Amino acid sequence: QKQDLLRWCNMTFYHFLNCALLTFSPFFVIYQSTELSLYSASLYMCLYSGLVYISTQLLKLILFATFVPTSDVATFDIIQELMKSFVGMTDCLGIYLVFKIVSGPNQLRPLAVGLGWALAESLVLRLAPLWIGAGGAEFTWNYIQMGIESNLNMLLYISFSYVIWLWQRSKSDSQNLTGLIAAFALLHPFLSLVKTGLNIDSWTILTLQLVLTVVYGASTRVVFQAQNKRD
């Protein structure tokens, strides 16, 4: 019985460790494998971006409580989701303020800001659920999915950070950049609509999020390269 207990403890610990590594290790890998690790200012940019993220989320909580009505019915409400998207644009304001305040290597600023923003989001939203739930007695795929979603959001926030960086640098391609900003704001409400309205399972939603994230990142890259050619 003691051996069974030890085996159970080891299995739950390894499950938590795997989920935690899946969720958080890509941030470290990207930081160490890029030029961010060569500049000490990059770490401060990441940290400052994380602090602004936390401040932005506090502001969003106040705005949600004030302006977004709550519903006890678990159905998709288009008005509520649009209001959430509008309030969610405070992320755009927060990242914009980070670029205005923080200095550092110009080409690395979007990567550092996006990486710090995404890491702060993962720590705030996923660390406690992983610690409490991933070490539970019953195995579930939810925490594996949580780690995959964290990686997708990291790529999305890095792409969005480049969009804001390009937008505040030049107004010559403002139409495409404004479209990318609007697409970012509508992405999660769209996923919520698909999940609630069509009753799709979580793996399908995650696959759809992967496709949309890749499309968003590729679109950002096209705009970024076009901007560099003009410069």
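Trainee: What percentage of the residues in the chain are buried?

Mentor: Buried residues make up 42% of the 231 residues. Keep in mind that this is a predicted model.

Trainee: Which kinds of secondary structure does the chain have, helices or strands?

Mentor: There are eight helices and zero strands. Read along the sequence, the pattern is α-α-α-α-α-α-α-α.

Trainee: Why is Thr23 called buried?

Mentor: Thr23 has a relative accessible area of 0%. Buried means under 20%. Thr23 is therefore buried. Thr23 sits in helix 1, residues 2-33.

Trainee: What makes Tyr157 buried?

Mentor: Use the same test. The relative accessible area of Tyr157 is 6%. The cut-off is under 20%, so Tyr157 counts as buried. Tyr157 belongs to helix 6. From Tyr157 to Ile95 the C-alpha distance is 9.7 Å, with a separation of 62 residues in sequence.

Trainee: Why is Leu123 called partly exposed?

Mentor: Its relative accessibility is 41%. Buried is under 20%, exposed is over 50%, and partly exposed is in between. Leu123 therefore counts as partly exposed. Leu123 is in helix 5.

Trainee: Which residues make the nonpolar surface patch?

Mentor: Leu123 is one of them. The others include Leu51, Ile54, Leu58 and Leu61, along with Leu119, Val124, Leu125 and Leu127. The patch covers about 800 Å². As for Leu123, a patch residue needs over 30% relative accessible area, and Leu123 has 41%.

Trainee: Which helix gives the most to the nonpolar patch?

Mentor: Helix 5 does, with five residues. Helix 2 (40-67) and helix 5 (109-134) each supply at least two.

Trainee: How do you know that Lys60 and Asp91 form a salt bridge?

Mentor: Check the distance. Their side chains come to 3.3 Å, N to O. The limit is within 4 Å, so this pair qualifies as a salt bridge. Lys60 lies in helix 2 and Asp91 in helix 4 (residues 90-101), so the pair ties together parts that are 31 residues apart in sequence. Both residues, Lys60 and Asp91, are buried.

Trainee: How many salt bridges are found in the whole structure?

Mentor: Two. Glu121 also forms one with Arg126, where the closest N and O atoms are 3.1 Å apart. That value meets the limit of within 4 Å too. Glu121 and Arg126 are both buried.

Trainee: Now the helix pairs. How are two packed helices described?

Mentor: By the angle between their axes and the distance between the axes.

Trainee: What makes helix 6 and helix 7 roughly antiparallel?

Mentor: The axes of helix 6 (residues 142-169) and helix 7 (residues 174-198) cross at roughly 150 degrees and come within 9 Å. Angles over 145 count as roughly antiparallel, so helix 6 is roughly antiparallel to helix 7. Their crossing is left-handed.

Trainee: And why are helix 6 and helix 8 called roughly parallel?

Mentor: Helix 6 and helix 8 (residues 202-230) pack at about 20 degrees, with axes 9 Å apart. Under 35 degrees counts as roughly parallel. Helix 6 and helix 8 are therefore roughly parallel. Helix 6 passes helix 8 in a left-handed crossing.

Key:
Residues are numbered from 1 along each chain as its sequence is written. This is a predicted model: local features need pLDDT of at least 70, side-chain atom pairs count only at pLDDT 80 or more; totals for chains, interfaces and linings use all residues. Side-chain values use heavy atoms; hydrogens and water are left out. Patches are made of residues with over 30% relative accessible area and no salt bridge: like charges are joined within 9 Å, nonpolar side chains (Val, Leu, Ile, Met, Phe, Trp, Tyr) within 5 Å. Accessible areas come from the Shrake-Rupley method with a 1.4 Å probe; for residues, only the protein chains shown count as cover. Helices (H or I, at least four residues) and strands (E, at least two) are DSSP runs, numbered from the N terminus. Buried means under 20% relative accessible area, exposed over 50%, partly exposed in between (1.4 Å probe, protein chains only). Axes are lines fitted to C-alpha atoms, for helices over the stretch in contact, and angles run from 0 to 180 degrees between N-to-C directions. Angles under 35 degrees count as roughly parallel, over 145 as roughly antiparallel, 65 to 115 as roughly perpendicular and the rest as oblique. A crossing is left-handed if the near helix is turned anticlockwise from the far one by less than a right angle, and right-handed if clockwise.
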